[in-house]
Amino acid sequence: MKRFRLLSRLLSAGMLSAMLGTLAAQVAQAQRPIPLSDLKCVTRSGGIENISMDISVGRELYTTNLWINAGTALTCRLPGGRASLRFEFAIPDNSNNPPVQIDVYVDGNQVASRTGDKGKVHTMLVDISNGKSLAVEVSCARSTNGCSARYLFMKAQIEPGARSPGSR
């Protein structure tokens, strides 16, 4: 009888460990960032391209993974739940591009806007929790004739489960 109890406890502990391990793996996978390029999106205008390129910004080296043309407007389906949008973008030191203006909309409502200039890496962290759609518009911040700038992004991703700074 003692053997049966011991075997039963060992089996129960093993099953519990296996279930907790599976649950922990699912939670860890759900927390991985989702690149903007992996979302289901439509581009209303402009262009977007995945590109890996080293650039100098403020005399420091960075690797980009995406460029977005000025005048680009895209709308994407969001995965749902609590999440944040993270953009890290820059204009290289050797570029003559005008400052960039990035406007972010969730379910048709503007939730953030940011202007970025040359020589500095700019970060946007926007709460997009429970949104169904995300729209991003990238444009030249100064009006110039036929602005054809390409703006470079080191990160353009959705961070599931992330909280925006200051929220509880």
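Me: What makes S2 and S5 a pair in this predicted model?
Reply: Pairing takes at least two bridges found by DSSP, and four bridges join S2 to S5, so they count as paired. The two run antiparallel. One of the contributors is Thr43, whose bridge partner in S5 is Leu74.

Me: Why are S2 and S8 said to stand at the edges?
Reply: The open sheet has five strands in the order S2-S5-S10-S7-S8, with antiparallel pairing. Strand S2 (41-45) and strand S8 (109-116) each have a single partner strand, so one side of each is left without a neighbour in the sheet.

Me: What makes the largest nonpolar core a core, and which residues touch the most other members?
Reply: Membership requires buried residues of the nonpolar set, joined through side-chain atoms within 4.5 Å. The largest such core has 30 residues, and Phe87, Ile102, Val104, Ile128, Leu134 and Tyr151 touch the most other members. Elements giving two or more residues include strand S4 (60-69), strand S6 (83-90) and strand S11 (150-160). Another core, of seven residues, lies apart from it, with Ile55, Ala90, Leu152 and Met154 among them.

Me: What is Tyr151 in contact with, leaving aside its neighbours within four places in sequence?
Reply: Contact needs heavy atoms within 4.5 Å, and the partners of Tyr151 include Leu66, Trp67, Ile68, Val138 and Cys140.

Definitions and conventions. Residues are numbered from 1 along each chain as its sequence is written. This is a predicted model: local features need pLDDT of at least 70, side-chain atom pairs count only at pLDDT 80 or more; totals for chains, interfaces and linings use all residues. Side-chain values use heavy atoms; hydrogens and water are left out. Buried means under 20% relative accessible area, exposed over 50%, partly exposed in between (1.4 Å probe, protein chains only).
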